[in-house]
Amino acid sequence: MANKKSNTSTPNRKPVSAKKSNSKKKKHKRPVLRFIAQAAAVLFLLGCLFFILVFLGVLGPVPSKAQLQQINNPLASEVYSADGKILGRYYVENRSYASFDEISPNVIQALIATEDSRFYEHRGIDEVALARVFVKSILMHQSSSGGGSTISQQIAKNLFPRVNYGPLSMPINKLRESIIAYRLERIYSKEEVLALYLNTVSFAENIFGIEVAAERFFSKPPSELDVHEAAVLVGMLKANNYYNPRTHPERALGRRNVVIDQMVKAEYLSDEKAALYKEKPLGVKYRLISYNQGPAPYFLEKLRPELMDWCEDNYNENGEPYNLYTDGLKITTTIDYNLQYYAQQSVKEYMKDLQKVFDNHWKSRDLFKENPAVLKSAIQNKNTSGSDYSEELKKYNTKINTTLFTWDGLKEANISRLDSLKHYLKLLNAGFIAIDPQQAELKAWVGGIDYRFFKYDHVTSPRQTGSTFKPFVYLAALEEDIEADTYFINQLKVYKEYNDWTPRNSHDAYGGYYSMKGALSRSLNTVSVEVLLEAGIDETIEIAEDLGISADLPDYPSLALGVASISLKEIVEAYAGIVNDGKPVKTHYLTEIADKNGKVLETFEYELAQDPVVSSENCRAVINMMEAVVDEGTGKGIRTIYNIPGDFAGKTGTTQNNSDGWFIGITPHLVTGCWVGADDPRVHFRSTTYGQGAYMALPIVGKFFHKTYNDRKFAQLKNSSFAEPNEELLAMLSEPDYREVLDIEKRDFNLASIFGKKETETELKKGEKRTVPESKEKGQIWKKIKSIFKKK
């Protein structure tokens, strides 16, 4: 019985012991659970407090919905050619805006697949990723909690930069960005959010937005980006400089293929198509367009002051003056993109070759020892301290680290300031301009060889014109009724009334008689002076001024040789007036200004001159003379070297000591001009072989027209024709250019005696004025003489 009791009592005691044990465990667990619950509550309250503080902007400003509705990034103002292509930008940040419809679907798909695969499923916040960030930031005190930001959150980060809050920087900034992202997606549609992101994100090389990136790396608008191109640009977003396709092509290629794989994973691409795109090369077509670089930087600088004035006088929707650098204005001009490109290309191609010739020309001689005044004046012009030249010169022996412009690319150098100065003084420069003479529209403008290093614009800078002034002399003669078939003796002559001045021909050859056409085509100085004196210096000056030349023109016979300093722009405009049948041409170039949304703010209209200031027949006669310059005279390289077909006229120009080389090239609907020389006129070729306009400037015009005429777009330009003079005038111009002796009617009669003169010009006393009969009388008497001796 005892055993039986014991057996029955033992199992009854075990449950009691277990209950006590469980009870004790529960008692121990309760404080832990209470602690956890309390800790959770505290954390929750702290989280709520943290959220409230961030939400209210206590821990940093959080933009309101109203502010987000008025997001206003600095947008670059863009300058467009007449055919709608970008010429350049004015900006604080190099950023342009592209709407969703202007962005290729390939870009959108690559972006979503790579940056935010659940983009269409959330409302700006990926809760899982956000929770991970909070845990790692707060509990684990990690400085970086990894990725997880949605596209909307990245917009918030781009628009409202992060602030340093010490250890709490990451959680505060992440929460702040989440709040902004949520608000953004309540204001904007998904498409607008994507466009906003792609317009605010930073790419490599200090550019912002997909439009500038597409243009920079692929020379196309974002709407035309193919899959592999879109993948390159989206791939850059991970680390834009590290994956720059220009500087790191291998990295960019690898990253591009990762993006393509992500597009397959997101089911935007099939495996087969992805494989094809991954086999393609990067295909970068780099085109840099900024304020300093691009198709037309000198023109942009010319335009800038006028746009600044316009902005001051015009107000945006907020009642504030427009800002050229931040308001994203769209400015349309008359520039033709292709012509501008051909002009810039022609200048660069030829100037690179010409500089080599110049350097070899001076290789065995020291230009600065032969002309020390060049260095002295350059140093003195830069001297602001007031110290004397010798003291200032010592400073130039200091070595500096600098970047030099060379035609073989930019060169990093450690050289003295003096050697740097010499380097730039020896560089030749150029200016080029093209104008539509009938519409007075600017079509191309190249102010120098590289705007980054040479800000001085050689289209607007005055230089001695040389023989390019002569057509105005011959036009004045025709206007004063000197007939086109008049012959002038080619002789070395001393003008005693002008301080024994003796003009010489460049080839130093004399003899025989030349018609005006023959003399102009050969650019004879002796005859040109005689023509000027016959026409009248004052009359010639008046005609030049009527055609738009505002420069100071000397009242002296050397005017015929081009001693006056005139800008390339003015002299080309004056030539354009001749092509325009004597109606002056004042170039315009601004046609329209629109706001960032394309709304036209102002359209510019210009009045063209309706009344000629000189006879249209005489203008046509001078053009006929200048055609001979190209066909058989000093400008024949246009035909023989550059094979330019069709109607073409022109005039070369070379100044004293070969300091300036000029060529004006004329077609019926396009007038061009080019100047070449060094910034300091004392830096020049020693020989006219290289220093003449036909060698220095004509080739640039020749290259320009060769490129232009090979472009189908300009077929009509190539096939256009000059208007011919009337039959009588044309017959006069068809007379032989040269006669060894004059016919009897022009040999046996002394015109001076008919006009009542007692002295020839060589017999005039010093200081006396040359007598020039009234123009109508001259014309009538000359016609009578010709009719008397006219051969039957």
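Which residues form a nonpolar patch on the surface, and with about how much accessible area together?

1. The patch consists of Val32, Leu33, Phe35 and Ile36, with about 420 Å² of accessible area together. Patches are made of residues with over 30% relative accessible area and no salt bridge; like charges are joined within 9 Å, and nonpolar side chains (Val, Leu, Ile, Met, Phe, Trp, Tyr) within 5 Å. Accessible areas come from the Shrake-Rupley method with a 1.4 Å probe, and for residues only the protein chains shown count as cover.

2. This is a predicted model, in which local features need pLDDT of at least 70 and side-chain atom pairs count only at pLDDT 80 or more, while totals for chains, interfaces and linings use all residues. Residues are numbered from 1 along each chain as its sequence is written, and side-chain values use heavy atoms, with hydrogens and water left out.

3. Helices (H or I, at least four residues) and strands (E, at least two) are DSSP runs, numbered from the N terminus. Leucine 33 has 55% relative accessibility and counts as exposed. Buried means under 20% relative accessible area, exposed over 50%, and partly exposed in between (1.4 Å probe, protein chains only).

4. The whole structure holds 30 salt bridges. A salt bridge is a side-chain nitrogen of Lys or Arg within 4 Å of a carboxyl oxygen of Asp or Glu. One of them joins arginine 89 to glutamate 215, with the closest N and O atoms 2.9 Å apart. Arginine 89 belongs to strand 2 (residues 86-90) and glutamate 215 to helix 8 (residues 210-218), so the pair ties together parts 126 residues apart in sequence. Arginine 89 is buried at 0% relative accessible area, and glutamate 215 is buried at 6%. Both belong to a network of salt bridges that links Glu78, Arg89, Glu215 and Lys330.

5. Arginine 463 and aspartate 660 also form a salt bridge (2.7 Å, N to O). Arginine 463 is in strand 11 (residues 462-464) and aspartate 660 in the loop between strand 17 (649-654) and strand 18 (661-667), 197 residues apart. Both residues are buried.

6. Aspartate 508 and arginine 504 form a salt bridge with the closest N and O atoms 3.6 Å apart. Aspartate 508 is partly exposed at 44% relative accessible area, and arginine 504 is partly exposed at 46%.

7. An open sheet has 3 strands in the order 12-13-20, with antiparallel pairing. Strand 12 (487-489) and strand 20 (738-739) are at the edges with a single partner strand each, so one side of each has no neighbour in the sheet. Two strands pair if DSSP finds at least two bridges between them. Strand 13 (residues 513-515) pairs with strand 20 over 2 bridges, and tyrosine 513 stands opposite arginine 739 in strand 20.
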